[in-house]
Amino acid sequence: MSKNTLLQSIPKVDKFIEQSDFKYLAKRVLLPLVREHFETLRTDIINDKITTLNKNKLCEEILIKYHHIMTPTLQKVINATGVIVHTNLGRSLINPESFDKAKEIATSYNNLEYDLEKGKRGERYSHLSSLFSKLLNCEDVLVVNNNAAAVFLILNTFAKRKEVIVSRGELVEIGGSFRIPEVMKNSGAKLVEVGATNKTHLQDYEENITERTKMLMKVHKSNYSIEGFSSDVKFKEISKLAKEKGLIDYFDLGSGHLVKLPYGLSNSEPSLYDIMKDNPSLLSFSGDKLFGSVQAGIIVGKKELIAKLKKNQLLRMLRVDKLTLSILTQDIQNMLLDKYEEIPTLNMLFKNIEELRKNANVLVEKIKDNVSYEIIDTSTLIGGGSTPNKKIPSIAVSIEIKNYSPNKIQKLFREKNIIGRVENEKFLLDFRTIDMNDLDYIAESIKCLATS
Ligand SMILES: *Cc1c(COP(=O)(O)O)cnc(C)c1O
């Protein structure tokens, strides 16, 4: 075909998009896509890159592009990494029943800020205060968007243009863009670093208190630990010193938990109950780390201090919505009833090795004729900055596919939204985090990869 004939055979855009294949598609997406595609086509014909034109093929290409755009990029994945509180994979899972109740509330009008008794404006945060005070024996609570917001709000409210004393060993960076010194600077508070990286003593805090000091702050190290010649000051002592000097004591705990952790982890990680015994003026933690609920920053402490936080205009920018409040309320009720098996994160953490081994065997039964595998005793991490460097035992199934490296296999699984890990030259699916409802899908994917 001559170049000119070819160019003329490119359909008219308006006509082309009228065809039945495109009938139910979003024209606002389709139209620019077709225009752009035809433009490229024209250039390719002129440059002799294309010598024939097939309308069916053209239509197919357009449909592929269209569906690529219209498929949501935020998708379900299967976490087979073994890391329970995996920040990149959405952190703690929400309990489906809590979510269902939240759906009921969020899809109808509700009393989010309405006092049903008095028939007038109510308070958004009131829905949680009595439940939380029972759970943690605290005077009051405030919930904001996440724990980073909690830290920011607290520093901005109490320590703007004032000094906050923090140990040099606790100036942490928590993945992405959260660094204590940076957050503090942005909040308007002045950081006073005391002690050394490996050792800080109570005296270091005491000696650096001036008339500009407003707060003594402790930060959980979260994602690292200092081994060897090291020590830090217990929050209890910091809190006591602050109270003696008329200052605010604040503990940014990061990942707070309620239960006694298994595998001896409790020895190194005090629970929320332990810390509440020290009577903190302010304490904040994430809702979706080991606490196991929804994304939120939970601030508990003295009523008068929480009242000051509520008066800060910034709260309006950091506030949580009805979904968050509703899910959190449901979860706290479960916690008050000691129904920890209803909290997916804790459920995964407490699964014993025998159960994990049994689950791994269920998968193996489904795939044993299709692929080389091995059941492996391994270990994993809780994640989410809760117990840095502390391993917990787990069971994994390694998958081998002929002629493929472990990294290549990892990539092939990733294309099926199954995220595993490579360890000792093997690709592993770790059962600590695998939901058994996904097992058939995993087995089908394995068979598909093994035979392709
Ligand atoms: C995780 C963490 C934060 C940030 O909490 P988000 O809920 O992720 O905003 C702040 N401080 C510490 C110590 C943490 O571990």
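A residue is termed buried under 20% relative accessible area, exposed over 50% and partly exposed in between, with a 1.4 Å probe and protein chains only. Asparagine 156 has 15% relative accessibility and therefore counts as buried.

The model is predicted, so that local features need pLDDT of at least 70 and side-chain atom pairs count only at pLDDT 80 or more, whereas totals for chains, interfaces and linings use all residues. Residues are numbered from 1 along each chain as its sequence is written, and side-chain values use heavy atoms, without hydrogens and water.

Asparagine 156 belongs to helix 7 (residues 147-159); helices here are DSSP runs of H or I with at least four residues, strands are runs of E with at least two, and both are numbered from the N terminus. Residues up to four places away in sequence aside, asparagine 156 touches Ser187, Asn312 and Leu314, contact meaning heavy atoms within 4.5 Å. A polar atom of the asparagine 156 side chain lies 3.1 Å from the backbone oxygen of serine 187.

The domain bounds below come from an automatic or database domain assignment.

| Domain | Residues |
|---|---|
| Domain 1 | 3-70 |
| Domain 2 | 78-86 + 347-451 |
| Domain 3 | 96-342 |

Taken over C-alpha atoms, the centres of domain 2 and domain 3 are 34 Å apart. In the contact between them, 16 residues of domain 2 meet 19 residues of domain 3. The count of salt bridges between domain 2 and domain 3 is 0, a salt bridge being a side-chain nitrogen of Lys or Arg within 4 Å of a carboxyl oxygen of Asp or Glu.

How values were computed
Polar contact = N/O pair within 3.5 Å; in protein donor to acceptor, adjacent residues only side chain to side chain.
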